[in-house]
Amino acid sequence: MDWIAHPPRKQSELPTTPYDRWVSPGGVCMAEFHHGSEGYLVRFPGQADFLITGSQDPAQTRIEGWQDPACPRQNITSLFHNAIVPILGNHHGGLFLHGSAVRIAQDADGEAAAIAFLGLSRGGKTTLAGSFAKAGHAFMTEDVIDLSCNEGVYWLEPKRSKLRLFIDSAQHLLGEEARFEDADRKQDVNAGASLPFFDSPVPLRQIYVLGADHKADLSIRSLSLQEALTALMPHAFILDVEDKPRLRAHFSRIADLSRDIGCYALDYRREYAELPGVHRAILDNFAQ
């Protein structure tokens, strides 16, 4: 999937009322979804606009983007890969979730497997994946879980070999290697010897849903089928919440995933010193 990048333009007021919004836990609008005469307009306030036309047919889908002049180029590229592509992937019958993932060298049967971390924006999932990579468990994706099911096995597809991190997390993982042009923004950090990346599909074994309480004690709890379904749904990418047939089909795919893959609630204090203990607890749970 590709897109047309137009010259930057200032975001002006739109004539339509959004039919859906993505809102952060702090109440900040991260994205707005508008119906227009040409198709769907997805606005990321202060960052970029994307126009999606021909969305009913993957072969006819066209994506155009305009970044706000104040938005760095790498931000709009990340928005395309980490938001627009998975939004359309789910719209066209795929299975995409908002999360990070790492490869664990061996599971109980001696085979490589992946574990995924789902969480709200700024919930710690990218830092957690990066810390696993630093410890030798290569990361596979930092923001988008792309799954394909084949004969009951959910294969997790690797995405971009980059982690988007704030400077404090980057310095924790890389020390003096971390160099940021803007300390107030996330920045792409490339994979390398210190942060290995695995570039082949791996079967997904477990999903950990990060809790919203960043001061909670470390705990891992298995989720029931109903709990898992409820926990996974907020981390899905939906283009049109008013398209009921597609919404029902997507709900069914999430229900199958929650039935077939072990899902766990993960809580821990968001402190760097806590991460080694989080690793041990997850790896112990993974080995059971």
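The axes of helix H2 and helix H3 (residues 167-174) come within 10 Å of each other and cross at roughly 10°. H2 is therefore roughly parallel to H3. On the H2 side, the contact is made by Thr 127, Gly 130, Ser 131 and Lys 134; on the H3 side, by Ser 169, His 172 and Leu 173. The model described here is a predicted one.

H2 (residues 125-134) also packs against helix H6 (residues 275-287). Here the angle is about 80°, and the axes are 11 Å apart. An angle between 65 and 115 degrees counts as roughly perpendicular, so H2 is roughly perpendicular to H6. The residues of H2 that take part are Thr 127, Leu 128, Ser 131 and Phe 132. They meet Leu 275, Val 278, His 279, Ile 282 and Leu 283 in H6. Thr 127 and Ser 131 are named in the contact with H6, and both are also named in the contact with H3.

Another helix to look at is H1, which covers residues 73-91. From the first C-alpha to the last, the 19 residues of H1 reach 26 Å, close to the expected 27 Å. After H1 comes Gly 93, which has a positive phi, near 100°.

Next, find Ser 55 in the loop between strand S5 (48-53) and strand S6 (62-67). Is Ser 55 buried or exposed? Buried means under 20% relative accessible area, and Ser 55 has a relative accessibility of 6%, so Ser 55 counts as buried. Which residues does Ser 55 contact, leaving aside neighbours within four places in sequence? They are Tyr 40, Thr 61, Leu 88, His 91, His 92, Leu 239 and Arg 246. Among them, Leu 88 and His 91 fall within the residue range of H1.

The last topic is the cysteines. How many disulfides does a search of the whole structure find? The search finds 0. A disulfide needs two cysteine sulfur atoms within 2.5 Å. The closest cysteine sulfur to that of Cys 149 is in Cys 263, and because the two are 14 Å apart, they are too far from each other for a bond. Cys 263 is likewise in no disulfide, its nearest cysteine sulfur being that of Cys 149.

Methods. Residues numbered from 1 in each chain as written. Predicted model: local features only at pLDDT ≥ 70, side-chain atom pairs only at ≥ 80, totals over all residues. Heavy atoms only, no water. Helix = DSSP H or I, 4+ residues; strand = E, 2+ residues; numbered from the N terminus. Expected span 1.5 Å × (residues − 1). Buried < 20%, exposed > 50% of the residue type's maximum accessible area, 1.4 Å probe, protein only. Contact = heavy atoms within 4.5 Å. Axes fitted to C-alpha atoms, helices over the stretch in contact; angles between N-to-C directions. Parallel < 35°, antiparallel > 145°, perpendicular 65-115°, else oblique.
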